[in-house]
Amino acid sequence: MATFTLRERPLPLDDSWDVIVVGGGPAGCTAAAAAAREGARTLLVEATGCLGGMGTAGLVPAWMTFGDQEKQVVRGLAERVFTACKQGMPHVAPEVQGSPIDGELLKRIYDDLVTGAGACVLFNTALAAVEMDGPGTVSALLLANKAGLTAYRAKVYVDCTGDGDVAAWAGAEFAKGDEHGELMPATLCFVLTNVDEYAYRYGARLWPDTITAIMKSGRYPEIPDMHLCNDLIGPRTVGFNAGHVWDVDNTEPESVSKALVQGRKIAKALRDALAEMHPAFANAFLASTASLLGIRETRRIIGDYVLNINDFLARRSFPDEVCRNAYPVDIHTAKNEIAASRAGQLDVMARYENYQKGESHGIPYRCLTPKGLSNVLVAGRSISCDRPVQSSIRVMSVCLGLGEAAGLAAALTAAQPVQDVHTVDTATLRRRLCEEGGYLPEVAAVTA
């Protein structure tokens with residue numbers, strides 16, 4: 001590709017911040033709220049017009065579990081968000097550990113969480129570049145919005161972009177995909193309305209019965225496989241996390257653009273197939289497809305510790321852990337598994353041993369600290385881990401917990417005379433998380 005050299009010119013600079021969080025998904029919201037709660041002057045930068053990421057703009061219809069089948073293990077700000085969401089949905093039992101999502105309600109919950117803690121939000125603002133003050137230290141972020149390019153400076157930056165953009169552009173090492181570079185497929189979620197609730201609740205099962213019939217009919221070639229997660233998100237309204245699009249890399253805009261077009265075709269095909277095959281959807285209306293493509297993985301930033309599948313299988317705890325997780329390994333269908341999926345012969349949740357009741361593992365703070373960067377933290381699905389573990393910790397519930405830990409650590413770092421995220425006192429960090437309702441069992445140092 002040809003190159004273009006920018007003309008040297010001054011940019012407006014806002015250097016009034018202690019902490020800048022980039023990305024307003026679940027991790028970004030709790031990171032900003034936690035940092036501001038600690039008294040740090042905090043700015044949250046979000047590329048879209050709402051907070052919440054995949055749970056709002058992405059139309060993901062349900063939370064994955066916050067618990068270990070016995071108790072809730074992702075607590076603190078995560079529990080506050082989850083509880084508020086359930087309380088606003090009368091058809092959801094208060095005791096469940098995973099439930100449907102009303103995306104419009106969730107937008108307001110995140111707005112209140114972040115602004116109520118004292119953080120400021122910049123919507124419709126994209127990260128354009130990362131400026132360095134020598135190796136390892138970010139000096140400013142260049143942000144792009146209707147004001148043009150503006151430089152923003154903080155003492156500490158929290159990367160909640162999902163793709164590790166801040167850390168990667170600052171020079172951090174990262175891994176990506178499997179050993180061949182293949183990434184999990186993407187999904188464009190959608191919403192159907194005018195659904196017969198009685199037939200939906202008590203009729204034939206959508207998965208596997210109805211989707212199997214659709215696959216066998218051969219009349220809907222646009223539908224790629226058996227993936228058909230769905231939840232009643234409101235009166236006569238069902239949200240779908242369904243269908244897959246392969247060869248999508250969220251760090252390559254061209255592939256995302258093509259996938260959005262394909263995803264909308266899949267949503268229409270699924271609406272038509274369900275209308276034919278299931279009485280609940282005979283008069284269903286395709287009300288909306290998501291404005292954000294559902295991306296499951298891209299970069300995994302290499303940190304001071306790489307959480308691995310052996311840690312997961314051993315249910316390992318760490319003396320510096322800042323979050324717990326009980327969600328299973330969930331690596332979606334690879335390209336070479338499409339035929340098996342269409343034939344109903346693939347169970348992606350059986351790739352690794354699943355946890356039993358009461359079991360979970362810890363996520364250490366060291367997974368949030370990128371090697372070689374002094375004033376950057378990472379939270380969300382791009383933390384330091386191997387691919388199987390990433391497929392587990394990427395869910396929104398865990399991202400909420402990781403974000404709170406990163407935001408609190410950022411505030412502690414900003415208060416230091418010299419900002420270095422690697423020197424945070426993790427005992428203090430864990431104590432504050434627990435004081436704010438976190439669940440972090442005591443761990444002996446010898447298990448590190």
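This is a short walk through one protein structure, from the overall form down to single residues.

Hi everyone, and thanks for coming. Please keep in mind throughout that what you see is a predicted model.

Let's begin with the whole protein. The secondary structure comes to 12 helices and 17 strands. How does the radius of gyration fit with a compact globule? For 448 residues, such a globule would have a value near 22 Å, and the protein has 22 Å, so the two agree. If you think in boxes, the C-alpha atoms fill one of roughly 65 × 55 × 40 Å along the principal axes.

Of the 448 residues, 56% count as buried. The accessible surface is about 18,500 Å², and carbon and sulfur atoms make up 52% of that. As for charges, there are 42 positive and 52 negative ones, and their mean positions lie 3 Å apart.

Next, let's visit some strands. Please find strand 6, residues 138-145. Is strand 6 enclosed or open? Six of its eight residues are buried, so this strand is largely enclosed by the rest of the structure. Strand 6 has a partner in strand 5, residues 126-132, and the two run antiparallel over six bridges. Within that pairing, L127 stands opposite L143 of strand 6. Five residues lie between strands 5 and 6 in their hairpin, and in the turn G134 has a positive phi of about 85 degrees.

Strand 6 also pairs with strand 7, residues 148-152, again in the antiparallel sense, here over five bridges. This is a hairpin too, with two residues between the strands. To see the pairing, look at A144, whose bridge partner in strand 7 is L149.

Further along we come to strand 11, residues 228-234, which is mostly covered: five of its seven residues are buried. Strand 11 is joined to strand 12, residues 237-242, by six bridges, and the two run antiparallel.

Let's turn to a helix.

I'll finish with two single residues. T3 sits in the segment before strand 1, and with a relative accessible area of 76% it is exposed. From T3 to G437 the distance is 51 Å, C-alpha to C-alpha, with 434 residues of sequence separating them.

A280 is in the loop between helix 7 (253-277) and strand 13 (285-289). Is A280 buried or exposed? Its relative accessible area is 2%, so A280 is buried. What does A280 touch, apart from neighbours within four places in sequence? The contacts are N194, V195, D196, A199 and Y200. A350, by contrast, is 70 residues along the chain from A280, and their C-alpha atoms are 30 Å apart.

How values were computed:
Residues numbered from 1 in each chain as written. Predicted model: local features only at pLDDT ≥ 70, side-chain atom pairs only at ≥ 80, totals over all residues. Heavy atoms only, no water. Helix = DSSP H or I, 4+ residues; strand = E, 2+ residues; numbered from the N terminus. Rg over C-alpha atoms; globule rule 2.2 N^0.38 Å. Buried < 20%, exposed > 50% of the residue type's maximum accessible area, 1.4 Å probe, protein only. Areas by Shrake-Rupley, 256 points an atom, 1.4 Å probe, with all protein chains shown as cover. Lys, Arg positive; Asp, Glu negative; His and termini not counted. Charge placed at Lys NZ, Arg CZ, Asp CG, Glu CD. Pairing = 2+ DSSP bridges. Contact = heavy atoms within 4.5 Å.
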